[in-house]
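Good morning, and thank you for coming. Please look at the structure on the screen while I speak.

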Amino acid sequence: MTTASRFPDPYPSNGGANLADILERVLDKGVVIAGDIRINLLDIELLTVKLRLIVASVDKAREMGIDWWETDPALSSKARRSELARENAELRERLAQLEPDGQREPDAQLEPGRARKEAP
Amino acid sequence: MTGLRYVYAVCHPFGAALQAQLTGVAGDPPRLLTHHGLVAVVSHVPERDFAEKPLRAHLEDLDWLTRTARAHQGVIDALTAVTTPLPLRLGTVFRDDSGVRVMLEAREADFRRTLDRLAGRVEWGVKVYTETENGPEPSETQRPAEKAASGRDYLRQRRMRAKAHEDLWEKAEEFANRLHAALSARAEDSRLHAPQNSALSGAAGRNVLNAAYLVPRTDCEEFVELVDRTKDDVSGTAPRLRVELTGPWAAYSFAGEEP
C-alpha cells in the first residue's frame, strides 16, 4: 500500500498501444454526454469504411449494416465454410473455361500461378 | 470571447497536481472545474475548430483526428496516474463553464455511481493475433515446392492449404477462448471488442481476440505476469499465435452504464 498521491507506475503507460487502440477507446468507449456542440460520431463518415469498422462496436456496426467479421474467413467458421464453397465453385468455373467444348480431360493443366494470385 | 470548453473526464476531487507540461487537444493546458464535489477536466478550445461545423469537418480528417485523439488520451493518461478518471468520449464540447456545471449537476448521481464502481481500477487490453500472410504454409513445408502437375493435383493442394488454414483458425479460436477465460477469472469485469483491422492498427497478422479487462490496481502485477507468462508459453508452443498487452488504460471500456 502506498499513501503517495501518485500511483506507483511500474508499467510504461500504453507503450504498446497503436492508433486503433486509442481511436477505439476515445471514439467508441467512454461516457457519452450531449454537449452544447452536437456531434454524433456515428454520423461522421470518418474517412474510410475501414476506420468506421474499427471504431464501431459490434452492435453499432451491425446497426450500420457492417458485419465484415461475420463474412471474414479469418474470424468466423461459417464464413470459412462458405469461403471453401466459393473457392470450389470458382475452381470449377475455371476448369470449365479451360474445357470450352468438353474436349479436355478433367485434370487438364491449370495455371496455378494465376489462380493463386486471384485467390484471397 | 474565451472559446468553448472541451471536457475530457469527470473525477472525484484529487490532491495531486497534473504534469506541468501537459497540454490538451488545442494546446491549452487542462484545468479543473469543481462543482458539487465533482471535478470536470476542461480545456479552452477555439470556436473556429470546435464549433459544430468545423468539428464535423475535422473529424473527417484522419491527421486531425489522430492528433486530437492522442491529445485527449494524453490527458486521460495523466489523470490515470493520479486518480480514477471517468473518460468522456472525444469531442464533448460546451459553450462555457456554466454549461459544464449544468451537465455535472444533471448527471451527478450517475457520475458518482460509476466513479465508485471504477475507483482504484484500470483497464488492460489484450489482443491475440495469428500470423497468416508471409509464413510458409504447413502443407508446403511437408511437400516442398511441388508444382501442381494437373488440375486434380492443384485442387488437392488447395484443399490441403485450406485445411491447414482451418486448423490454424480453430487452434487460434480455442487458444483465444482459453486465454479469455483465464484472464476473466483474474479480472473484475471484461469486454470483448470487435477485432481490429490491420489497415489501421499496423499490426502484423489477423486479430482474433480484442478484449479489455477491468483490474484493481492492487492486482495488476499478477495480471500482467499472467499475460507475460502466456506470451512466453505461446512463443514456445504456438509460434503462429501472438499475444499483445496494452495499458494501463483508464477504464474506457467500463465507463458506460452497467449492462
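**Where two chains meet**

I begin with helix α1 (residues 19–28) of chain A and helix α3 (residues 62–80) of chain B, which pack at an angle of about 75 degrees with their axes 10 Å apart. Because of that angle, α1(A) is roughly perpendicular to α3(B); angles under 35 degrees count as roughly parallel, over 145 as roughly antiparallel, 65 to 115 as roughly perpendicular and the rest as oblique. Axes here are lines fitted to C-alpha atoms, for helices over the stretch in contact, and angles run from 0 to 180 degrees between N-to-C directions. On the side of α1(A), the contact is made by L19(A), I22(A), L23(A) and V26(A), while α3(B) brings T66(B), A69(B), R70(B), H72(B) and Q73(B). Two residues are in contact if their C-beta atoms, placed from the backbone, lie within 7 Å. The residues of this contact divide into five nonpolar, three polar and one charged. Ala, Val, Leu, Ile, Met, Phe, Trp, Tyr, Cys and Pro count as nonpolar, Asp, Glu, Lys and Arg as charged, and the others, Gly among them, as polar.

A word on what you are viewing: this is a predicted model, in which local features need pLDDT of at least 70 and side-chain atom pairs count only at pLDDT 80 or more, whereas totals for chains, interfaces and linings use all residues. Residues are numbered from 1 along each chain as its sequence is written, and chains are lettered from A and ligands numbered from 1 in the order in which they are written.

**Chain B as a whole**

Chain B has nine helices and nine strands. Both are DSSP runs numbered from the N terminus, helices being H or I of at least four residues and strands E of at least two. The C-alpha atoms of chain B fill a box of roughly 80 × 40 × 35 Å along the principal axes.

How is chain B divided? There is domain 1 (4–118) and domain 2 (121–136 + 163–254), with bounds from an automatic or database domain assignment. Their centres, taken over C-alpha atoms, are separated by 29 Å. Seven residues from domain 1 of chain B and seven residues from domain 2 of chain B form the contact. On the domain 1 side, α3(B) gives the most, with three residues.

**The open sheet**

In chain B, four strands form an open sheet in the order β7-β8-β6-β9, with antiparallel pairing. Two strands pair if DSSP finds at least two bridges between them. The edge strands, β7 (189–192) and β9 (241–249) of chain B, each pair on one side only. From one strand to the next, the twist averages 20 degrees. Strand β6 (residues 121–130) of chain B is joined to strand β8 (residues 206–216) of chain B by ten bridges, and V122(B) stands opposite V215(B) in β8(B). Helix α9 (residues 220–237) of chain B lies across β6, β8 and β9 of chain B, running at about 160 degrees to β9(B).

Finally, which peptide bond is cis? It is the one from G247(B) to P248(B), with omega near 0 degrees, and P248(B) is placed in strand β9 of chain B.
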